[in-house]
Amino acid sequence: MKKLLLLGDEAIARAALDAGLSGMYAYPGTPSTEIMEYIQTSEDAAIRNVHRIWSANEKTAMEAALGMSYAGKRAMVAMKHVGLNVAADGFINSAMTGVNGGLIVVSADDPSMHSSQNEQDSRFYGKFASVPCFEPSNQQEAYEMIFDAFETSEKYKLPVLFRITTRLAHSRASVTLKDAIPEKKLSLPVDPLQFVLLPAIARKKYKTLLSSYESLKYDIRLSKYNFFKDGKNRELGIIVCGIAYNYLIENIGEANKDIPILKIAAYPFPHDLIRDLTSRCKEILVLEEGAPLVEESLRGILDDGIKVFGRLDGTVPRDGELNPSIVAHALGFPVEYGKEVPQLVKMRPPSFCKGCGHADMFNSLIEAIRPYGPGHVFSDIGCYTLAALPPYSAINSCVDMGASITMAIGAADAGLNPSVAVIGDSTFTHSGMTGLLDAVVKNSPVTVIISDNSTTGMTGGQKSQATGRLELICTGIGVDPAHLRVITPLRKNHEENMRVIAAEMEYKGVSVIIASRECIQTATKRKKE
Amino acid sequence: MHKLKSENMKSDIIISGVGGQGILSIAATIGLAAVANNLYLKQAEVHGMSQRGGDVQSHLRLSDQPVASDLIPFGKADLILSVEPMESLRYLPWLSKSGWLVTNSNPFVNIPDYPDINDILEEIKKIRNNIIIDADSIAKDSGSSRSGNIVILGAASPFIDMSLKSLEDAIRKLFGRKGEEIVDANLKAFKAGLEFSKQII
C-alpha cells in the first residue's frame, strides 16, 4: 500500500484525484489554497487533464463545479470559510437543484483567525442548506471521507459540504492511499428540469430535500464516522467533534475505557446517539472546534435538562482554536506550562517584503492625502492590508473582498471628500469590478487605486485573473480614459506618483490609478526558474 | 557521544523563526528521516499571512506510537530549535523542564523595537539546557551561507530521536535536485553544527 506524507489539504486533493475527480475549482484563500495547488502539480491530474485552473472568485468556482456535476462528472470546489459567503447563492441553491456527478464543497475554517477576518463555522452552512457535512479529525480520515462524500453526493443527488479547519489543513501526516477509481463519463441529468428552479419546480424539490436530510441521519456512509464508545464512568460523558477528537485522545489515551465518548464527524447525526450517551451519564462535556453548534442544540433555549459543559459556560473558551492544553483544562487535568515568555520578547507582526511595490504606492498615497487629514482610505483583502499597521497606518477599512470600492462609493455619497479605495489586482477581478460599474454609472467622486502586483500575493503567488487585463476591464466598464492612470510604484517615481494621485483625488468623478509592479516574491521565484 | 533518547521514542519539537527563514526545510528534513525510520509523524505548519516576515513556528511530533494531537501541549516539548534568538524565547511555555533549546545567535531585525541582543542571549542562558550557535558564520565556513538552518539542525540532532545517518540521508534527498555541491555544503553544515554541540553536552 502506498503511503504519502501529506498536509490535510493535500490529503483531500489526493483523495479527490483517486476518487475519479474530473474538475477542481477554487479561488486561493488560506487555509484552503494547497488543495488546488496539489492538483495543479500532480502528474496524474496532468495526464488525465483534470480541470485545475483558478477561478475569478468562489462563486464562479462553485457554479463551474456545479456545471461539471450537471454533465455527470465528479467535481470539487475549495475555498476558505469566508469564500463560502461569496459562493453561498450557488451553494444553497445547489442543494435545491441537487447534483448529477458527485460534488464536494470544501470549506476551510480559520478559528483563531490566523489569516482571516472572522472565525465563522461552516457547519452552520451545512445545516442551512440541508446538505450532508463531513468534518474529518485527521489526514487519513480526510482522505477516506472524500470517497464516501462523493458516493453520498451521488446517492442522494446532493452536494456535500466538507469542513476542515486550519490545523488539519496545514498539518502533515502519513496517509495510506486506496486504489484509484476511474473518472465518470459525460452524462446529462435524467430529468431535464432538475436544474430549473422555477418556483413550481422548486417547491417540489424542497420537499424532497427536507426528506433526504432526515434520511441522511441514518445513512451508513455518514454514520460510520459517528460512533459511540461506552465507558465505565457514569458521571461524565463526552461529545467530541472533528479535530477536537485528537486533543481528547492526546489527554486520555486511545485505550481509555473509562469515559463514554460520542464522536461526531458527519452531519446530520442521529439524535439517538446523543440519547445513548445522556442515558448513561449525569453530565456531558462538548468539545468542538469552532462555534458551539452541537452544544447549543443540546442545551436548547430552556437548558433545563442534563448538565452540559462546553463553550457556553466557560469550561472551554467561547472563541478561538482548541489545543491539547485547553482540552486538558476542560477535563480537569493539570497543565504544566513551561517558563513564561520573557517580557523583552516583542510582537513581530507580518510586514511588507523588502522592495514591495505596495509599500512604494502607499508612501506616495500617504503624502498626497496628508492635506485632507485621516480617515479617507478604504482598503481590501490582500498583502496591502498590512498598510493598516505602523509605520504606514494608511488604511481605514478591510472588510470583505471588494468592499473597498463600494464603501468608498457610500462614503462619497455621504459627502466624504476625497474618498479613496485601495484594492489589489486579484481582489479587483474577484469582486471589485461590479462595484466599479456602480461608481461609473452614477459618476461617484471616488479615486480607486488598483495596487497591481500581477499575482495573488498573500496566499503565495497564484496566477491573478487580472494580469494584463486591468486597463481593458476599466475602460470596458466605462472609466473615462483621461482618468485611467497607470503608474509604476518605485521610489524613484515617488514625486511623480504623488502628483498623479493628488490630481485624481481632486477630480469629481471616477478615477482609476493602476499602480503596477510585479510582486517581489514572484519576481524572485521567476528569475530562479 | 551519548544519545539523549527518551524511553518511549518520542520527540516533540518546536521549530521557530521568522517567515522566510526556511524553517519548513528543517521540518521537511526531519520529516523525511522520520518516514524512513517508519516513525509516526505529525507536523503543523504556518502558512498564510505570517509568512510575510512575521513570527512562524512548526510543531513537529515524532513517535513510535500513533500521534493524536497535531499540536504539542504546553510544557511537553523536548526541543525548541530556533533559527532566530528572540523567536526561541516566544515558545518557552511549551518547553518541558528537561527540554533543550538550540538557537541561532544572529538576530533577524525587522521590527523597530527589537530588544538588545545581549539581553536576549542572557534570557536564553537562563534556560538550563541551552545551545547558542553562530550558525551564520559556521554556514559561511562550510561553503554555503544559506545553510544556517541546517547548521542548527546539526546542533540539535543529538536531541532528536533518530540516527545521524537517517538525518544525513534526508538532507541528501531534500537537496538532491539542487546538485552535488549544495548537498555537500549542507552535509558539511550539518556536521559542523553537530561538532559544536558535542563540545557542550
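Reader: Happy to start with a helix: why is α5(A) largely enclosed by the rest of the structure?

Author: A word on ground rules: this is a predicted model, in which local features need pLDDT of at least 70, side-chain atom pairs count only at pLDDT 80 or more, and totals for chains, interfaces and linings use all residues. Residues are numbered from 1 along each chain as its sequence is written, while chains are lettered from A and ligands numbered from 1 in the order in which they are written. A residue is buried if 20 or more other C-beta atoms, placed from the backbone, lie within 10 Å of its own. α5(A) is largely enclosed because, of its 17 residues, the number buried is 12.

Reader: Which elements do those buried residues pack against?

Author: Helices (H or I, at least four residues) and strands (E, at least two) are DSSP runs, numbered from the N terminus. The buried residues of α5(A) include A:Leu84, A:Val86 and A:Phe91. Contact means C-beta atoms, placed from the backbone, within 7 Å. By that test the partners, in chain A, are α4, β3, β4, α6 and α9.

Reader: Moving to the two chains, how many residues does each give to the contact?

Author: On the chain A side, β7, α11 and α14 each supply at least two residues. The contact takes 38 residues from chain A and, from chain B, 40 residues.

Reader: Which strand of chain B does β7(A) pair with?

Author: Two strands pair if DSSP finds at least two bridges between them. Here there are three bridges, in the antiparallel sense, and A:Arg172 stands opposite B:Gln43. The partner of β7(A) is strand β2 (residues 40–44) of chain B.

Reader: Which strand within chain B is also joined to β2(B)?

Author: β2(B) is mostly covered, with four of its five residues buried. Five bridges join it, running antiparallel, to a strand of chain B, and B:Leu41 stands opposite B:Leu62 there. That strand is β3 (residues 55–63).

Reader: Last one: how many residues of domain 1 of chain A are in contact with domain 3 of chain A?

Author: Domain bounds come from an automatic or database domain assignment, which gives 3–181 + 195–223 for domain 1 and 357–527 for domain 3. Their centres, taken over C-alpha atoms, are separated by 33 Å. Domain 3 contributes 12 residues to the contact, and domain 1 contributes 11.
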